[in-house]
Amino acid sequence: SSLLADSSYYDIVRVNADEYWVGGKYGILKKLSAVGALSNIDGFPNQGTHLLKLMVFPDSDVMICGDKGSVYKYTAASGQWSFRQVPGYSDRCFYSMAAVDDSTVFLCGGSSNTSRGERTIPMGFILKSSDRGKTWTEVYRNRMFMIWDLCYEPGTGSIQALAYSPVGTHIMRSDKQGGEWKKKEFYPFI
């Protein structure tokens with residue numbers, strides 16, 4: 001089946017010069033070769049949760065986040081997978097993540113119901129890990145905004161976040177420690 005014809009894929013990432021990984025609905029994770037061949041990824045511990053964001057570290061390890069507080073990690077050197085449901089976030093969805101360095105990662109998200117298109121209080125948050133995803137600390141919470149995406153800017157050392165609510169979108173910014181989050185811009189829906 002054609003990758004472009006299947007709407008169940010949510011993200012794609014290049015894992016090496018000849019291979020991309022694509023993830024999506026119900027925990028689907030496939031590899032795509034440089035010539036377009038799509039195949040399964042061996043050993044992936046599919047838990048059936050939607051995979052929303054894939055990220056590759058400089059050492060080729062892969063981290064994947066998704067619904068129900070799910071975080072998957074692939075260690076390239078050993079070829080081993082691990083799965084973790086972050087405690088306290090089983091009813092939340094991780095929409096995106098950004099790595100600051102080899103060990104510091106930020107995750108963002110909101111209510112799982114929001115990810116399924118249901119009307120609910122967004123319950124947005126940003127989590128930080130300083131040990132490559134072993135432990136997580138909440139560094140931002142706002143029940144009225146869903147935190148949709150994160151981007152680390154190496155040149156400035158800051159993290160940008162997109163926060164969505166039914167009335168508009170905020171663009172927020174913090175330093176690479178994830179301390180204080182300041183609203184930079186507000187774009188109301190008209």
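The model is predicted, so local features need pLDDT of at least 70 and side-chain atom pairs count only at pLDDT 80 or more, while totals for chains, interfaces and linings use all residues. Residues are numbered from 1 along each chain as its sequence is written, and side-chain values use heavy atoms, with hydrogens and water left out.

Ile126 also belongs to the largest nonpolar core, which has 15 residues; Ile126, Ile147, Leu150, Ile159, Ala161, Met172 and Trp181 touch the most other members. Such a core is a set of buried Ala, Val, Leu, Ile, Met, Phe, Trp, Tyr and Cys residues joined through side-chain atoms within 4.5 Å, and buried means under 20% relative accessible area with a 1.4 Å probe, protein chains only. Strand 10 (105-111), strand 13 and strand 14 each supply at least two residues of this core; strands are DSSP runs of E, at least two residues long, numbered from the N terminus.

Strand 14 (residues 158-165) is mostly covered, with six of its eight residues buried. Strand 13 (residues 146-153) runs antiparallel to strand 14 and is joined to it by seven bridges; strands count as paired if DSSP finds at least two bridges between them. Cysteine 151 has glutamine 160 in strand 14 as its bridge partner. Strand 14 also pairs with strand 15 (residues 168-175), antiparallel over eight bridges, and here alanine 161 stands opposite methionine 172.

Methods
Buried < 20%, exposed > 50% of the residue type's maximum accessible area, 1.4 Å probe, protein only. Helix = DSSP H or I, 4+ residues; strand = E, 2+ residues; numbered from the N terminus.
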